[in-house]
Amino acid sequence: MKIEYMHIFHYVKLIEIKILSLLGKKSFVYISVIMLLSSVTYSGDRSNARSTSMAFSNTVSSFGNDAFGINPANYDYYIPVKLTKKKSVTAYKTIKIKPRWEFSLFSTGGGYGSDSSIAFYNDYLSYLSIDRNKFVKLFTSIEEILKFRGEILPGKKTDVNYDFELNWLSVNFMYPKIGAINFSVSDKVGLNTNVNSRDEYLPLDFQIVPNFVNGSYDLINVRLAQSEAIAWWVRKYNLGYAKRFDFGKNDAIRSFSIGVSGGLVHGFGNVSTYESRLSIGTWGIDTINGMNHVDSIKGKQDFHTKSALTDFFQDYKDGAETQFNLFPKPAGIGYSFDFGISMQIGDAWHIAASVTDLGRVTWNYNTIINDDTNYFAYYDFYIEGTDPTYNRMVDDLGGYYTQDSTTHFTSEMPTKYRAGVMFQPSGKFMIEFNWSKGINNLPGNTDKNTFALGAEYFPLPYLPVRSGVSVGGPGDWYISLGAGVKFKNFTIDVGTYGINQLIEDKRFSVAVSSRIIL
């Protein structure tokens, strides 16, 4: 566990606060959706409350702005209206040729937790403080070692994931003769890591050797093993196009839609650490004049990290406040593409498939790559920031002597495949089944298969209620609930994902979104 690795969690928290402070909701960070670290396994629909409440089974039924990041084929759509046979043809054409605008502002959502418990998540992050003394005490104090191992580390390997999305703006314009054009801007902040079990992370095979002459003791063969982790903040400026093709009302295939979108990706922060190990021995641990002192520390580290951060993170790292800029200079620039299709079969059946976030980001500003496999040894110093030997040791453990700040690096986008089928026997009820799978474990993604079933019902014309269940991915299974208020020109939706996970005190997730339709 490297000092730099500890910063990952704090960078993520800082990003949330900075973004939301622009909306005047800094306190909201810790109240509901913003402190959101979760097993969220979906990218692109985190700020979509309808999707959240249906367990993210929405590859087919996401339309207009809701289709952003899910299935661009659904940008182009119309809302069917039950009409008499006599008027159906004329009215149908009237609906099709009428232009339609949609606007969405400040839709937001996310989730937080772990496979162990929310309490574990909070305890673990609080322990991994930027305060370097907490880290050093892990191998200079038997009490701290036992506390960390017994009270903080989980009994089994635990997924810890964070995902937060803020969709600043989405605009969708539809006209059947042209198709639909969508423009969206969204920020995504996330973290993915696995926390090793206490037996993997800090094996209980270290030795405590007391010195009965002077009361000091030695801690020998202390070994720490940290699994890989990545935290980042990216922004997408996305432009999409879709076209729906309608066929005869007696044809088996009633309509077919195809859509594509592409965008510029600005990366404002990326901190990644790969599997890292530390083997260390400390001799002569004692308290002298009220200060912890050691005779010597020797060990070997095997740490591999990459980072690229926009400028205001440097102020934060140095302990200074900074003025947040809505458009900071990106630390990385990349691209992202989405592609999707959708089809209506008969009166009630629909199928769809999509691939999202095909692309990569090149990180080329304020980059630091650290591959540190050195041995180290330090002698006769106090565990105090005023001791120069102690400071040199901390800098060594922090990798400051092995940093490469000239090499650039790239990272993939969280590419995901989706497919789904929907049955809609009437305008009041629909049910949809989805499969999804990512190709990597970047924030907001998982390479595990996930299956989801969601439904929507209108007990009143303006009141949709929704529910869903998903199986697979981190957290194993989730139950979702949500509702909305839907008027002719305005809708607002609220959804929560993983009610069962909240009851088990493992995870919590929520989203709020709205649309204006003209």
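**Close-up views of a predicted model**

View 1. Glu412 has a relative accessibility of 36%, so Glu412 counts as partly exposed. The model shown here and in the other views is predicted.

View 2. In one of them, Arg235 pairs with Asp187, and the closest N and O atoms are 2.6 Å apart. Distant parts of the chain are linked by this pair, as Arg235 is in strand 6 (residues 229-246) and Asp187 in strand 3 (residues 179-195), 48 residues apart. Are Arg235 and Asp187 buried or exposed? Both Arg235 and Asp187 are buried. A further salt bridge joins the side chains of Asp246 and Arg244, at 2.8 Å from N to O. Arg244 has 14% relative accessibility and therefore counts as buried, whereas Asp246, with a relative accessible area of 25%, is partly exposed.

**View 3. Strand 5 and the strands paired with it.** Strand 5 is largely enclosed by the rest of the structure, because seven of its ten residues are buried. Strand 4 (residues 207-210) pairs with strand 5 in the antiparallel sense over four bridges. Tyr217 in strand 5 is the bridge partner of Pro210. The hairpin of these two strands has six residues between the strands, and Gly215 takes a positive phi near 85 degrees there. Strand 5 also pairs with strand 8 in the antiparallel sense, over seven bridges. Which residue of strand 8 is the bridge partner of Leu224? That partner is Leu278.

**View 4. The largest nonpolar core.** This core has 35 residues, and Phe139, Val222 and Met393 touch the most other members. Two or more residues each come from helix 5 (118-127), helix 7 (142-152), strand 5 (217-226), strand 8 (276-288), strand 9 (291-309), strand 13 (375-382) and helix 10 (388-397). Leaving aside residues up to four places away in sequence, Met393 touches Val136, Phe139, Ile297, Tyr378 and Phe381. Another core, of twelve residues, lies apart from the largest one; Ile230, Trp363, Ile369 and Leu442 are among its members.

**View 5. A nonpolar patch on the surface.** The patch is formed by Trp101, Leu460, Tyr462, Phe487, Phe490, Ile492, Val494, Val512, Ile516 and Leu518, which together have about 870 Å² of accessible area. Strand 21 (490-497) and strand 22 (507-517) are the elements that give two or more residues to the patch. Strand 21 gives the most, with three residues. Where does Tyr462 lie? Tyr462 is in the loop between strand 18 (450-460) and strand 19 (463-471). With a relative accessible area of 41%, Tyr462 is partly exposed.

**View 6. The whole protein, for orientation.** The secondary structure comes to eleven helices and 22 strands. Of the 518 residues, 55% count as buried. The accessible surface comes to about 21,600 Å², and 60% of that surface belongs to carbon and sulfur atoms.

How values were computed. Residues are numbered from 1 along each chain as its sequence is written. This is a predicted model: local features need pLDDT of at least 70, side-chain atom pairs count only at pLDDT 80 or more; totals for chains, interfaces and linings use all residues. Side-chain values use heavy atoms; hydrogens and water are left out. A nonpolar core is a set of buried Ala, Val, Leu, Ile, Met, Phe, Trp, Tyr and Cys residues joined through side-chain atoms within 4.5 Å. Buried means under 20% relative accessible area, exposed over 50%, partly exposed in between (1.4 Å probe, protein chains only). Contact means heavy atoms within 4.5 Å. Patches are made of residues with over 30% relative accessible area and no salt bridge: like charges are joined within 9 Å, nonpolar side chains (Val, Leu, Ile, Met, Phe, Trp, Tyr) within 5 Å. Accessible areas come from the Shrake-Rupley method with a 1.4 Å probe; for residues, only the protein chains shown count as cover. A salt bridge is a side-chain nitrogen of Lys or Arg within 4 Å of a carboxyl oxygen of Asp or Glu. Two strands pair if DSSP finds at least two bridges between them.
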